[in-house]
Amino acid sequence: MSDELDARYKSFDELSSRSKCERPSRLITAYQPSEAAWNRFKLAATLYLCKCIPGNPLILDEAELLNTYYERQHEIKNITPNGMIVPKRHTILEYNAVVRAFAHIVDEIGINDLISSWHIPLNVRVKFSEINQENMTRHHPTEHVHSDSWAGESAESVTIMLPFFGDVERNHVCFYDPPDDFQESWLGPRPTYKDGEEIANRYKLNPFIPRKGQLVLTDFSSLHASTRKPGAGHRISIDTTFALKRNRGQGMQEVIHPWRENERLAPETLSKLGETHLFVFPDSVEQQVDSQGGFKHPTNLGVIPLLETTDPPSRACSGQ
Ligand SMILES: [Fe+2]
């Protein structure tokens with residue numbers, strides 16, 4: 001096995017040692033949140049999803065909410081071609097509550113001291129039963145097998161996701177394990193996910209399918225893709241990434257694509273969202289944000305301090 005893969009295994013073993021978890025592979029870990037944290041998250045997500053529908057109907061039934069999203073998808077202007085339901089100024093409160101509830105689930109597994117920074121904002125994502133063919137010609141469709149580092153995120157990172165509504169058995173993310181000769185040079189930005197196809201062909205599909213409500217962490221050296229089996233329904237999930245503190249040998253420095261440096265947040269700030277800080281989104285639903293070929297998040301996010309404190313303002317951290 002390559003030294004580089006061995007180093008990643010060891011870092012991921014440490015990350016996975018803090019709480020009871022499932023280990024579908026050395027580079028994938030899955031947690032079951034407490035019932036209270038899971039129910040709190042579902043309520044917050046429901047209110048956010050309802051607020052994104054014109055007229056703000058209150059739809060508490062999961063199947064009805066998904067069907068409404070499907071039927072009214074062209075009216076919901078803040079859905080991107082990749083399925084991201086991006087926060088806008090009229091959803092600031094509800095979006096912050098979703099992230100707060102997600103951060104509570106992460107707090108439960110006790111890994112915050114191992115995180116150097118989060119990628120923000122987090123992505124609430126809908127994947128309808130049918131693939132958006134128009135999206136498949138764009139730079140980074142999540143249906144192509146990829147590492148999130150290929151879209152310009154730090155190669156030191158871990159992808160974290162939680163599927164929470166819909167047909168997650170047939171419409172889900174699948175994972176791929178690296179070969180023993182994995183090289184760090186395989187990670188790093190690529191103009192499109194397709195450009196990584198030659199590397200993806202060396203990986204092996206892992207049979208793991210995340211269950212609804214499972215928090216899944218996977219190292220950037222493993223690959224993943226959105227997939228739909230025949231007859232699949234719609235699915236909604238939340239995902240983002242965080243940079244993991246690692247013991248690296250000399251010459252193995254963290255690399256962050258320049259577009260991403262202002263999309264970082266310290267873990268202490270995420271844990272206290274809504275108490276000391278708030279995410280704000282200045283754009284109205286009519287204002288589209290240029291994602292610069294997929295290398296920038298399609299929002300204009302600000303992180304504002306809520307209270308005067310002696311702590312330095314935490315607009316964002318460098319991710320170092
Ligand atoms: Fe991804």
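Let me begin with a definition: I call a residue buried if 20 or more other C-beta atoms lie within 10 Å of its own, exposed if 12 or fewer do, and partly exposed in between, with the C-beta atoms placed from the backbone. Please also keep in mind that this is a predicted model, in which local features need pLDDT of at least 70 and side-chain atom pairs count only at pLDDT 80 or more, while totals for chains, interfaces and linings use all residues. Residues are numbered from 1 along each chain as its sequence is written.

First, the overall picture. The protein chain has 320 residues, of which 45% count as buried, and its secondary structure comes to six helices and 13 strands. Here helices (H or I, at least four residues) and strands (E, at least two) are DSSP runs, numbered from the N terminus. Two residues are in contact if their C-beta atoms, placed from the backbone, lie within 7 Å, and among contacts between residues at least 6 apart in sequence, 84% join residues at least 24 apart.

Now to helix α1. In α1, the residues E4, L5, R8, S11, F12 and L15 are buried. They cover an arc of only 125° around the axis, which puts them on the same side of α1; the arc is that of the directions from the helix axis to the C-beta atoms.

With 13 C-beta neighbours inside 10 Å, N56 counts as partly exposed.

Let me turn to the interior. A nonpolar core is a set of buried Ala, Val, Leu, Ile, Met, Phe, Trp, Tyr and Cys residues joined through C-beta atoms within 7 Å. The largest such core has 70 residues, and those with the most contacts inside it are F41, Y48, V98, V99 and F102. Helix α4 (residues 92-108) gives the largest share of this core, nine residues. Leaving aside neighbours within four places in sequence, F41 is in contact with A101, F102, I105 and F164.

What about strand β3 (residues 115-119): how many of its five residues are buried? Five of the five are, so β3 is largely enclosed by the rest of the structure. Two strands pair if DSSP finds at least two bridges between them; β3 and β10 pair in the antiparallel sense over three bridges, with I115 opposite L244 in β10. Strand β11 (residues 264-265) is joined to β3 by two bridges, again antiparallel, and there W118 stands opposite L265. In the loop between β3 and β4 we find P121, and a cis peptide bond, with omega about -10°, joins I120 and P121.

Finally, there is an open sheet of three strands in the order β7-β6-β9, with antiparallel pairing. The edges are β7 (204-206) and β9 (223-228), each with a single partner strand, so one side of each is left without a neighbour in the sheet. Three bridges join β6 to β7, and D177 has K204 in β7 as its bridge partner. In the loop between β6 (171-177) and α5 (197-200) lies E184, which is partly exposed, with 19 other C-beta atoms within 10 Å. E184 and F220 are 36 residues apart in sequence and 10.0 Å apart in space, C-alpha to C-alpha.
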